Amino acid sequence: KQGLTYVFGIMGHPVIDLAITMQSIGMQYIGFRNEQAACYAAQAYGYLMRKPAVVLCVSGPGLLHVIGGMANAQVNCWPVLVLGGSCPEDHEGIGGFQEWPQVEASRPYCKYAARPPSVALIPLHVEKAVRLATYGRPGYDAHFIIKEIATAFEGHVSLLPITKEKYISFTKNVDSTKDTNEKNFQKNCIKLRFIDSLKFLNASLDKLTSFLSRDKLKIVRSEFPTLSDEEFELLTRKGVFPYEYIDRVEKLQDTRLPPRELFFSSLTGDTVSESDYAHAANVWKRFSIQTLGEYSDLYLKTDVLLLADIFENFRESCVASYGLDPAHYYTLPGFTWDAMLKHTRIRFELLTDIDMVMFIERGIRGGLSQCSSRYAQANNKYMRSYDSSKPSSYLMYYDVNNLYGWAMCQPLPYAEFRWVEDAANFDVSAVYLDLPATLLTQNVDENKIAKVLCCPPPPLLYPDAKLIEQAANLLIKAKKPLVIVGKGAAYGRAEDSVRELIYSTDLPFLTTPMGKGVVPDEDERCVSSARTYALLHSDVILLLGARLNWMLHFGRPPRFQNNVKVIQIDLCAEELHNSVLSAVAIQSDIALATEYLSNTLRSRKWRIDQNHPWWKELTAKAEQNKQSVHRMSMNISVPLNYYTVFKHIQDVIPKDCIICSEGANTMDIGRTILLNNLPRHRLDAGTFGTMGVGLGFAIAAALYCKDNAPKKRVICVEGDSAFGFSGMEIETMFRYKLPVIIIIVNNNGIYSGFDNETFKQIQASGEPTQVTPPYSLTSETHYEKLMEMFGRKGYFCTTVEDIQQALKLSLKVMDSPSLINIMINPQADRKKQQFNWLTESKL
């Protein structure tokens, strides 16, 4: 139903039958040797196809291995759907096989985590998971409000966050109202504090409104003082609106209320009731609505006013009952806690014994509550087996309807804590949420399975025209403009509009690692060879789907000018102004915003001339660096250096191949020499800097090529250390006949190693665990011998001629992987850098 085709995973209890069933209905299953690699492959496939692939894993340790991959997908913003088996529900709490809190453990690393309560509802959860994986970030979105109030007038914004994406509250300090006391200390007289009413009143607006009598709706009445009682009554309930019908702004000009069937909601799988539609039609008629936009304005206004009345009445009740105002709190639990302290006058004893603190924290539970005994036998006069010589005993079963509510009514300990020396020992365990074995073996009437539609493509987010004008003005006035193309532009399929912008303006550009190919690396406007110089001297930077994180040195000195102006275009509002305040921040689809910006600059007939002083500076610096790299790459003496290896690989491999790469110097140096002229043709360690992704990414790329471009080749360039993380996935490649060319750049270590003779001398000098440097690996390891396990031959290379011959032979193989092991100088390094690769912390 959701168009998902590939499943990546490892089989085991309880998902064996599920995997076989997936194959039987036409899905393609790829079995891996490690769950982490399976998750890396699934997310890379999701990046390449812009829709999630599935990871299927077993319970407990299986999901634990997957979580590393989930974290990598989260940081890279790549879609992936993980399905995890778990222990049977009736084994939870009593030590079930591989019992573990999987949903709770997954939640920090994903956007949605849930266990379907029944088989019939699985389709609803799958559709929602696919939708959230591809659409945007979940939860109440306050970012657009924060963005506006941050720039509307002077004063800083302070946040109380749950995570980077979700906030409990945020406060705007109004600088224009600062006051100075007798000690010359300034304070803000006015602060605008935003709190979430749902944290206090966790019910629908319709239900909350039903609790209030009409005379309590004072705010609503004050806004509509002239309405008759009959008209006012129409505004005292939650309105009705065709949410999914409004998919473009033009529909707000409709002059008639849409028919009832267009009020359909994919969340409920149905349209509105006849009575609700009649209410909407009545509102339209009685208020003389002319357009759907007017109806929308009235709908939104009454929603806000009703909620204001509800919260004000809630405040009045709380002040009357407890003498405390909820508006001074962030959530209902905090308010309730203070109400308890005020009315009980309890003073808590401070725990100073860390073991007591940890004992209590480990005892905080959640989920299933039960007390059970494995075996018990009653003995009483009502039983045939009654033994009068023994005490009478009974088996009692208590059906407690509200165990949690009962527990909340019990007295809480607050002082005189002490250890009980003879207390019985007990284990602390936990519960979990996902696809338990009992759910997977349920039978269900097919007619009762929830019907869901295929998740539609994500809605397009258009840019603000005024901000596009501001961005154009800033670029036109710039003396040293620079465009940085990021992975977001590649994922957003923005290559056509980005290329048009670059070609029509002659703006210099460089890319982030996985932004390579959005505009060809070989384009004359690419200044990646002068990257450090370009970043350091540019005065206006246009960021297209790139983040000012560690990879771009946070956009701060010494790698950037202190006064550099940033134009930031990103799909996610929470990325705007991150690390540095952008001069212009545009939330939009990259392709749309770039197209609009390109059209604006073209209409004003602006471009930067190739004879401009800025272009001359960049060209001179790029040429200087190219000459330095060329000299190093032409040194073919043995043992080889990195630059020589990559230069002669680049000379042989096809220009349209997909390059997957990981390792330290292998990845960093290789990125500058192995070129990409097509978007989404480079996959590497990414924002999270994850080692172990290479072979999983390569498998995903090979599957993509098999379905979409059978003649395209996948080149997987690995450092010898990085290869060790997932080397056995070679067997996976053989099993599924994937023609990946694996190139291991072997320097006998992590960053650097030792030649064979030196390594032997070091190990002979003492206990290996004490004398072997932590960064070294076994010298001259023949990784190519792995191929012999599958009846094939690998290649061990030490010269340029060896490398080129091995590549030419490997490119002829179309039904299995190839492996080329290239020995280089263990002490080979990068050319001298002006700055360290990782920006040092200034804290």
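UniProt positions are given in the numbering used here, feature names are shortened, and annotations may be inferred rather than shown by experiment. The model is predicted, so local features need pLDDT of at least 70 and side-chain atom pairs count only at pLDDT 80 or more, while totals for chains, interfaces and linings use all residues. Residues are numbered from 1 along each chain as its sequence is written, and side-chain values use heavy atoms, with hydrogens and water left out.

According to the unreviewed UniProt entry, a "transmembrane region" covers residues 685–705. In the model this stretch is 57% helix and 0% strand, and its end C-alpha atoms lie 21 Å apart. Helices (H or I, at least four residues) and strands (E, at least two) are DSSP runs, numbered from the N terminus. The unreviewed entry also lists "domain: Thiamine pyrophosphate enzyme central" for residues 468–595. Here the chain is 30% helix and 18% strand, with 10 Å between the end C-alpha atoms.

A domain assignment, whose bounds come from an automatic or database source, divides the chain into domain 1 (6–138 + 429–448), domain 2 (142–177 + 188–195), domain 3 (205–302), domain 4 (465–622) and domain 5 (635–831). Taken over C-alpha atoms, the centres of domain 4 and domain 5 are separated by 32 Å. Between these two domains, 17 residues of domain 4 are in contact with 14 residues of domain 5, where contact means heavy atoms within 4.5 Å.

Next come the helix pairs. Their axes are lines fitted to C-alpha atoms, for helices over the stretch in contact, and angles run from 0 to 180 degrees between N-to-C directions. Helix α2 (residues 35–49) packs against helix α24 (residues 694–708) at an angle of about 40 degrees, with the axes 7 Å apart. That angle makes α2 oblique to α24. Angles under 35 degrees count as roughly parallel, over 145 as roughly antiparallel, 65 to 115 as roughly perpendicular and the rest as oblique. The crossing of α2 past α24 is right-handed; a crossing is left-handed if the near helix is turned anticlockwise from the far one by less than a right angle, and right-handed if clockwise. On the α2 side the contact includes Ala37, Tyr40 and Leu48, and on the α24 side it includes Gly696, Phe697 and Tyr704. The residues of this contact divide into twelve nonpolar, three polar and one charged. In this classification Ala, Val, Leu, Ile, Met, Phe, Trp, Tyr, Cys and Pro count as nonpolar, Asp, Glu, Lys and Arg as charged, and the others, Gly among them, as polar.

Helices α22 (residues 642–650) and α23 (residues 665–673) pack at about 50 degrees, with their axes 10 Å apart, and are therefore oblique to each other. Their crossing is right-handed. Tyr642, Tyr643, Phe646, Lys647 and Gln650 of α22 make the contact with Asn665, Thr666, Ile669, Gly670 and Ile673 of α23. By class, this contact has five nonpolar, four polar and one charged residues.

The axes of α18 (residues 495–505) and α20 (residues 590–603) come within 8 Å and cross at roughly 20 degrees. These two helices are therefore roughly parallel to each other, and their crossing is left-handed. Among the contact residues are Glu500 and Leu501 of α18 and Glu595 and Arg602 of α20. The contact of α18 with α20 has five nonpolar, five polar and three charged residues.

Which backbone features remain? Most residues other than glycine have a negative phi, and most peptide bonds are trans. The His13 to Pro14 peptide bond is cis, with omega near 5 degrees, and Pro14 lies in the loop between β1 (6–9) and α1 (16–24). The bond from Pro557 to Pro558 is also cis, with omega near 10 degrees; Pro558 sits in the loop between β13 (540–544) and β14 (565–570). Cys77, although not a glycine, has a positive phi of about 60 degrees, and is placed in the loop between α3 (61–76) and β4 (80–86).
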